Structure formats: C-alpha cells, structure tokens
Amino acid sequence: MSRIGKKIITIPAGVTVDVSAGNLVTVKGPKGTLSQQVDQDMIIAIEEGVLTVARPTEQKRHKAMHGLYRSLINNMVVGVSEGYTKVLEIIGVGYKAANQGNILELSLGYSHAIFMSIPAEVAIVTAMEKGKNPMVTLNSIDKQLIGQVAAKIKSLRPVEPYKGKGVRFQGEQVRRKAGKAGGKK
C-alpha cells in the first residue's frame, strides 16, 4: 500500500472540499479556490472533516496514481488555508531585482536587463537593502505554479560553483569547488 496515499488529509476550519460526479475536486478556503481533475477510478471519501483517497485495485497504474492524487489534494488544502512562499536570493556584484506590479526586472550580469512577466496568481515582492543581497519573495496558493515560476527565475542565472554567484533559494547550500592550483615554477 502507498505510504503517502493511505495518509488522511485533515480539512482545517474554513476550508470546504467538494467532489463532483466526474471526480473534479474543488477546494475553497480563506485565500482562494483551487480545482484538480482526479482520475475516475480513484475513490475520494470525505467524513467528519477528514478526506481519504483509496484505489480500487492493486494494478500498477492505480498504485502510481494513489499517492500522486493524495499529495495534489493535500497541496490544494494547504494552499487555500496557509499559502506557499518561496524566497530567492540573488548573489553577485551589481545584481539587482525590482518589480512593477507583476513584471519582474532582473539585472544578472548580462549586457541587458531581463524582464519577466509573473502570472497574476503569484504575488511578488522584491527587496534591496544596503549591505544585503537582493531578495525576491513569491507568494501563491498554487504550489505547482509557484515552484515553476521560482525554477524559471533560478534558471536565468544558475549558481556557479567557484564564487557562488547566481540566483538561489534562501538558505540553499551550494557545493563550492577549489580554484586553480598554483602556477608553474
């Protein structure tokens, strides 16, 4: 049995979960509404504030989907009740970040500034304080979308292993390499 799939999902106060006839799961909470189409074979039961996902058979396909759909539904419940936050740190001399609404402007050492349109579902805040690295904070109720946006921003300037310059998550550890050994004598 799937360890993740058989875990129950506790529905917090203020969150409602509706399952339609076609297994369309809609989660409404204080921060917003999310929907996910679940495979027709999966059995979704809601009893006394607890949601469970079960599989009908032991087929390989059903086993594969069991934990997946439980995780997706749990991510929606957490998203509409608490939300998700990702903080990116930009490390490098002259690297800058600014935003105008949902347009993110990044200066990452290239000959030109990079302008990136952020989806409306993701709130963005940039902070540039003197003596500290520029920070980009992303907030959203959709875990998949916020992860995709953060990965796209990181891919614009991956962290290099010699000086550690680039875009990284706050607190992320980067393996550093030693530079060249001494010259010839």
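This is a predicted model: local features need pLDDT of at least 70, side-chain atom pairs count only at pLDDT 80 or more; totals for chains, interfaces and linings use all residues.
Helices (H or I, at least four residues) and strands (E, at least two) are DSSP runs that are numbered from the N terminus. A further span, residues 91–168, is 17% helix and 37% strand, with its end C-alpha atoms 8 Å apart.

Residues are numbered from 1 along each chain as its sequence is written, and side-chain values use heavy atoms, with hydrogens and water left out.

Taken as a whole, the protein has two helices and 13 strands. Its C-alpha trace spans about 70 × 45 × 25 Å along the principal axes. The radius of gyration is 22 Å, whereas a compact globule of 185 residues would have one near 16 Å; the radius is taken over C-alpha atoms, and the globule rule is 2.2 Å times the number of residues to the power 0.38.

Of the 185 residues, 33% count as buried, where buried means under 20% relative accessible area, exposed means over 50%, and partly exposed lies in between (1.4 Å probe, protein chains only). The accessible surface comes to about 11400 Å², and 52% of it belongs to carbon and sulfur atoms; such areas come from the Shrake-Rupley method with a 1.4 Å probe, and for residues only the protein chains shown count as cover.

Contacts show how the chain folds back on itself. A contact means heavy atoms within 4.5 Å, and among contacts between residues at least 6 apart in sequence, 50% join residues at least 24 apart.

Individual residues can now be followed along the chain. Asn 23 sits in the loop between β2 (16–19) and β3, and its phi is near 60 degrees, a positive value in a residue other than glycine. Asn 23 counts as buried because its relative accessibility is 9%. Leu 24 belongs to strand β3 (residues 24–29) and is partly exposed, because its relative accessible area is 32%. If residues up to four places away in sequence are not counted, Leu 24 touches Asp 18, Val 19, Ser 35, Gln 36 and Gln 37.

One of these partners, Ser 35, is found in strand β4 (residues 32–37). The C-alpha atoms of Leu 24 and Ser 35 are separated by 6.9 Å, although the two residues are eleven apart along the chain. Ser 35 is also partly exposed, at 44% relative accessibility, and, leaving aside neighbours within four places in sequence, Ser 35 is in contact with Leu 24, Val 25, Thr 26 and Met 76.

Glu 48 lies in the loop between β5 (43–47) and β6 (50–54) and has a positive phi of about 50 degrees although it is not a glycine. With a relative accessible area of 83%, Glu 48 is exposed. Arg 70, in contrast, is in helix α1 (residues 60–81) and is buried, because its relative accessible area is 9%. Leaving aside neighbours within four places in sequence, the contacts of Arg 70 are Ile 4, Gly 5, Lys 7, Ile 8, Ile 9 and Val 53.

Finally, Ser 117 lies in strand β10 (residues 114–117) and is exposed, with a relative accessible area of 57%. Neighbours within four places in sequence left aside, Ser 117 is in contact with Asn 102 and Ile 103.
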